[in-house]
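Biologist: I am new to this structure. Could you take me through it?
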Amino acid sequence: MTLDAIVYTPDGVERHQNVNVEAVAGAVAGKPWRQAEEAETTGMRALRERFDIHPLAVEDVLDDQTRPKTEEYDGHTFVLMKTTQLSQREEVEFKKEVRTHSVGFFIGDDWLVTLSPTENDAIDPTDPKWERYGERSLDRGTDFLAYRLIDGIVDDYFGVLDEIEDDIEAVEERVLTSPDPHMLEALNEIRRDLLAFRKVAWPAREAISALSRGDIPQVADENEKYFRDVYDHLVQVVDLIETYRDLTGGSRDIYLNAVSQSTNDVMKTLTVVATIFIPLTFVVGVYGMNFADTPFAMPELYWTYGYPATMLGMIVLAGIMLVHFRRQDWI
C-alpha cells in the first residue's frame, strides 16, 4: 500500500510521500491528511487501528458497488464519494461508458484520512496546490480540506456531463440528417451512461446534504456553507442528467418516427402499385380465358385489333388511376 501524507503545522507544511504506515501514523503534530491507495491488509490494519476507523467503512470503500453515503462513527465521520470519468469503448464512435472509482473520507476532529482502492488523480497530496492551501486549511480545519477535495470531485462531474452533451448533439445531428440503426444503439448507450451517472450523483447529493445541515460534529459551523455550495452543485448535476435523459429520449422518438415514416412511404408506394395492377390483372385474367369454338366465346378473340385495343385500354386505365392518386395526394 502506498501512503502519502501532508501535515499542516503553524510552521508550514510537512510532506511525506510513499512512506511506511507506522512511521507516519505516529506523527500527529498539526492537522494531518493521509491518502492511502491500493490498500493491502497489513498496512490498512495499521492505519485503521491508529485512527480507530471502522472495518465496515473500509469494506464500503473497497466494494465498488457501494453507493455514496455519509455515516457517523465514534471519533470520526465517514463520507464515501465516487470519482467519474468517461472512457471510450474499443475506440468505437459514441460507445463510451461512465467509469467510477470509490474514495473514502474519514474526517476526524483534527485529522483527515482518504482511502481509494486504486491510484486516483483527484485525490493527490503531492499536487502543489495543497501546499498553497496549507494556511487556510490550518485555520479552518481538516473538514475544510475535505470540502476542497469533495468539491474537486464534484467539479469533475460537470466535465463528464459536457462530454456526454457533445455526444448527444452529435447523435441528434445524425438522427436528423442520416438516421440509421446504429443511432438507436448509440442513444441507448448514452441513456445507460446517464443512468449510471445518476446512481452516483443522486446518493452523493444526499451524502453531502448530511454534512451541510449541522448534524456532523466534525464539520465546523462556519464550514457548513461550503458543503451547502457542493450540495447546490450536485443538485445542478442531477438536473442536467435528467435534462440529458429527456433529450436522448426525444432523439430516440425522432429516430423511431423517421423510421416509421420511411416504412409508411414504402408501404404507400407498394399499395399504389398493387392497386394499379389489380384491375389490370382482372382484365388479363378475363381475356386469358380464351375459350374458342363455343357460342359463348369472346368476340374480341376474333377481332384483328383485339390485342392492341386491350393493351391500350389497360394503359389508359392505369393512367386514370395514377392521375386520381396524384389528385388525392396519395403519391
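Modeller: Axes here are lines fitted to C-alpha atoms, for helices over the stretch in contact, and angles run from 0 to 180 degrees between N-to-C directions. The model is predicted: local features need pLDDT of at least 70, side-chain atom pairs count only at pLDDT 80 or more, and totals for chains, interfaces and linings use all residues. Residues are numbered from 1 along each chain as its sequence is written, and side-chain values use heavy atoms, with hydrogens and water left out.

Biologist: How do helix α6 and α7 pack?
Modeller: Helix α6 (residues 142-177) packs against α7 at an angle of about 160 degrees, and their axes are 11 Å apart. The two are therefore roughly antiparallel, a term for angles over 145 degrees.

Biologist: Which residues of α6 and α7 meet?
Modeller: In α6 they include Ile150, Tyr157 and Leu161, and in α7 they include Met183, Leu187 and Phe197. By class, this contact of α6 with α7 has 17 nonpolar, no polar and two charged residues. Nonpolar covers Ala, Val, Leu, Ile, Met, Phe, Trp, Tyr, Cys and Pro; charged covers Asp, Glu, Lys and Arg; the others, Gly among them, are polar.

Biologist: And at what angle do α7 and α8 cross?
Modeller: The axes of α7 (residues 181-212) and α8 (residues 224-288) cross at roughly 160 degrees and come within 9 Å. The contact of α7 with α8 has 23 nonpolar, six polar and eight charged residues.

Biologist: Changing topic, how many helices and strands does the protein chain have?
Modeller: The protein chain has nine helices and seven strands, taken as DSSP runs (H or I, at least four residues, for helices; E, at least two, for strands) numbered from the N terminus.

Conventions: Angles under 35 degrees count as roughly parallel, over 145 as roughly antiparallel, 65 to 115 as roughly perpendicular and the rest as oblique. Contact means heavy atoms within 4.5 Å.
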